[in-house]
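Please have the sequence and the 3D view open while reading.

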Amino acid sequence: AFYEFQLVVCDDPNRFCAEKNAEFVSVYRTWLKTSPASVPETSVTNSAMPASNTSNILLKSQTFANVQYRWVQLSPPGSDLLKPNNILSSALSNSLVLRSGLLLDSTSYTMRVYAHSSTSNALDDVANCMSCGWAQVQFDSMSAIRGGLIQASPGFGVSAQTTFSFSTESWMTHSSFNQDDLPLSYSFYYESDGVRKYLSAGSYSPSVASSLSGGDVSTTCSQTATCRTKTIFVSASYSTEVPLVIPSVTVELSLSDLNNAKSLIESQLVTVLKYHKGALVGQFASTTCVLADFMNDKSINWEFFSVGLDYKKGVRDQLSTLLSNTVQNSLPIQPALALQLVGTLSAITGAATELSTASISSCFLSLRQITTSVIAMSREGSSIVSIKEFEDHVTFVSSQFLQARSVLLSQVRGSTGFDNAAQSKRIRSALPQSKALSTSTLLQLQDNSGLDIITSLNLLSELSVLGFTPGQVAARTSSSDFLMETSVHDAANLAGMSYTLSRAWSGCATCIYISAQLQVTFPSTLQMTGIFQIQRAMVMNNPFDVGQTQLSCINSKLQSLWSSALVYLPADNAGNLYQDRVRKDVMKYGFDSCEILSPVYVINVRPDPTSTYLDSVVSDSPLEFVLSFDPKKNLEVSSGVSDPFTGVSSTASCVRFDTATGKWSTNDIEHIEANFGFENGTGAYVKCRSKKLGIFAVSEVPSDCKKQTLGKQVNDECGVCGGDNSACSGCDGMPNTGRTKACSGHGRCSSEAVVSDRKCICDTNYHGITCHVTCSRDLNCSQHGDCLVTTLAPLSMETDSKCVCDPNYQPISNITGLRPVATCEKIPTKAKFSPAVWWFLLVGVPVISVGLLLLSFLGWRSRQASLQVKSLQKEVVQLKDRDLSLIQSTKHFLPDRMEVEADLCQVAVQPGNHIPAVMRIQSSRSAAEDVSDEVNRPMLQESDESSASIVGEWDKEEEGGLHAKYGSIYKLRQQGTGLQARVPNLDSEDRSAS
């Protein structure tokens, strides 16, 4: 705006001072220009649809930084929707959330929001605020739907076999609404496991046909003594509107012939496959739901009817795979269909003990896709049928995931899968190849089952705050397996905010219940702007495998004895050794994966409205966590026992699940303290700090030998905490070798730069690798030699000791290695020989020796000859004696004497004669005397043993024989000494006769 100001000055005060009297008036003019008022531009989102009285009402204006807001109600008169108890947000925020059930039937409401860009109190009087921007919105409340009937045909049937038809009619609405413009949609459902499961959802058809299963046992049946009753409800709505009164009808079910239970299940599977193949999603969902609920009946002893656990697991594997494929093919999913599919998912997961890892993975994939689709449509402005009901389904399914995962982790890992090859083949052939899940994808999902379960809770958290505004009361969801709160805050109010969750929890079957508590405090200053969703959750059962940790802790049940290597040690100072171990029989504990000691805590921050999760807070300071745990859950933590070998013990600290590695880790966490509470384990907590967000827990962690949590100090090989092995190592730094830095007290270590090169420098008279051998000139070598000690191998205790004696001295023993070493003794002095003696020894002694040998030989030969002569003489005497005996026997015809001439110097055999001469008896009578033939016989016959050498043929054969028999005589003859028989002087006749 432009403003003009003028000043008129008159010189006559008695005259009218006006500009027209110019002669005595002076005028001064000036202009002022004001800048435009800073009025925020404001608008409110308006929905053309009537407001439902059964859901919260959200009115949202544009958001600007540094702008203050205030909501006021303009109409209808007498209505006050802005009472504090009616508002879920704040009347001073840009968005207004009103509780459900506040609207009058078929009434128009007008709401206005004022905005001001300063921090003054201008909004306290909005009627006179000239610089306030404003916007208003008018909406009408929808008329409640009334009446309605439902009919069922037949009223009695067989569970999982009979097809029932349900129809509805006679629904009424307020006359101000045109039913043709807003056609009704119908949903038929029943309640099971605390959630609704739909036969049809959001359908414009007022009828549906389906089989039923389950139900409540009743004894007041119309056709049988006992039966099951099943109540079917129907609702009609205008898009989001739900009737105030929901009609229902109850039918009776009798149990099927359970002896054919498998055949019945197979028959239902065929129907499921038919609907799946025909892309009839609604019929597929309802039929699958009925079959799953049939198997969920806990009153039936399935094992008795040959329907085992493995078989039922296989069927659920099939159903979960088919559902996952159906959801994938149906994207994007409309709200009503999403509600029906998530109900089917609740039925498939209805028996946690029958879910395999593959089933969990497939069901999680379906849950994620359905929930993500619903969240996306809601953020785009679509109205979702009963978002609270959808939350109930996600809560139930997530809880079933946790229970199933807990069962699987307590059993041997792995699942049965399909019951037989035929079923597997049929299911795979029914899946479209373009959308079927690959085996590798399923395996990858199985490996991430624990993380998938946490993700399902994250999705539930996002659902619970759809449409929330900053400052609105936190959404709280829970089951027996988890507790979660989610709230929405702007960054300014988030700084310094502290959140607390608390719930009774027992960590093991024998553990008492403690009050598990999560407390997280944000830093007082944040470099963050905008609006954020703050999720905090407590998961009672750890969904992660025990091996999913980067930490190793002691296990006192894994015990062994450790000893150092066998080495040689000095037995004395003389070099004697014995074998032993420096350290032996030290108790040593094994190591195992550290155990989680608390519930799993989840802290997430998401910019609103997105599904983007911050990895950490943007601040110079970290968040502070206080997390409860139960020390009695782990023996090593509660007892404080330490490993005797390493000195490591166990304590408790915060850990964070690293989604990149799939393991618990202490990275980016600062440990503050661990309080172990009371003796029974209650009141225990750990406090830590971290800028990181995500999944946290209290875990058993190693404490070093100095009792520092996550410290690095351990006992060295000498048993010294934080030592460097120097207490039991030698100069070379090698521990437990028997070598010491003291060098047996008789030396010192050298000072090489490289430790491994250092060795003992021994004092005088000390030797060996550790100066453990005493050897000196005086003590060991009789002062006449030097002691030499040799090490047999590098770094070896074994030595070889000996005395190197002085000249003219020698060791007492030449054997080395004696303990103690051999001493030296003087070598005896030897006389010196003259040259004559040397020549005598060199020449004379050999000559004399030869002469003596020759004389000895000649003497021996003479003796031999003398012996032979004596022997021959003896034989002659024997012959003579024999002859005498013959003479005695022939005295009557022989002369009185007989002569035998023997020439001992002649050979008995003349050369050239073949036949030797024969001795004959020379008679002493005259030739004239008559001598008989007997006298004329040879004196020696061939048969006489004594004549064998001179009688008979003279040939070589007889020569050998004679030599053998009469060796002495014959040899004497051969050598030139023998008998020579002189032929008696007989006449020629006698000789010829002889």
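## Terms and model

A crossing of two helices is left-handed if the near helix is turned anticlockwise from the far one by less than a right angle, and right-handed if clockwise. Helices (H or I, at least four residues) and strands (E, at least two) are DSSP runs, numbered from the N terminus.

The model is predicted: local features need pLDDT of at least 70, side-chain atom pairs count only at pLDDT 80 or more, and totals for chains, interfaces and linings use all residues. Residues are numbered from 1 along each chain as its sequence is written, and side-chain values use heavy atoms, with hydrogens and water left out.

## Helices α4 and α5

Helix α4 (residues 335-348) passes helix α5 (residues 357-379) in a left-handed crossing. Their axes are 10 Å apart and meet at an angle of about 155°; axes are lines fitted to C-alpha atoms, for helices over the stretch in contact, and angles run from 0 to 180 degrees between N-to-C directions. The pair therefore counts as roughly antiparallel (over 145 degrees; under 35 is roughly parallel, 65 to 115 roughly perpendicular, the rest oblique).

On the α4 side, the contact (heavy atoms within 4.5 Å) is made by P335, A338, L341, V342, L345 and I348. The α5 side supplies C363, S366, L367, I370, V374 and M377. By class there are 11 nonpolar residues, one polar and no charged ones (Ala, Val, Leu, Ile, Met, Phe, Trp, Tyr, Cys and Pro count as nonpolar, Asp, Glu, Lys and Arg as charged, and the others, Gly among them, as polar).

## Helices α3 and α4

Helix α3 (residues 309-330) packs with α4 at an angle of about 165°, the axes being 10 Å apart. These two helices are therefore roughly antiparallel, and α3 passes α4 in a left-handed crossing.

R316, L319, S320, L323 and V327 of α3 meet L341, T344, L345, A347 and I348 of α4. Seven of these residues are nonpolar, two polar and one charged.

## Residue M295

M295 lies in helix α2 (residues 281-295). Is M295 buried or exposed? M295 counts as buried, because its relative accessibility is 1% (buried is under 20%, exposed over 50%, partly exposed in between, with a 1.4 Å probe and protein chains only).

Leaving out residues up to four places away in sequence, M295 touches I265, W302, K312, V315, R316, L319 and E354.
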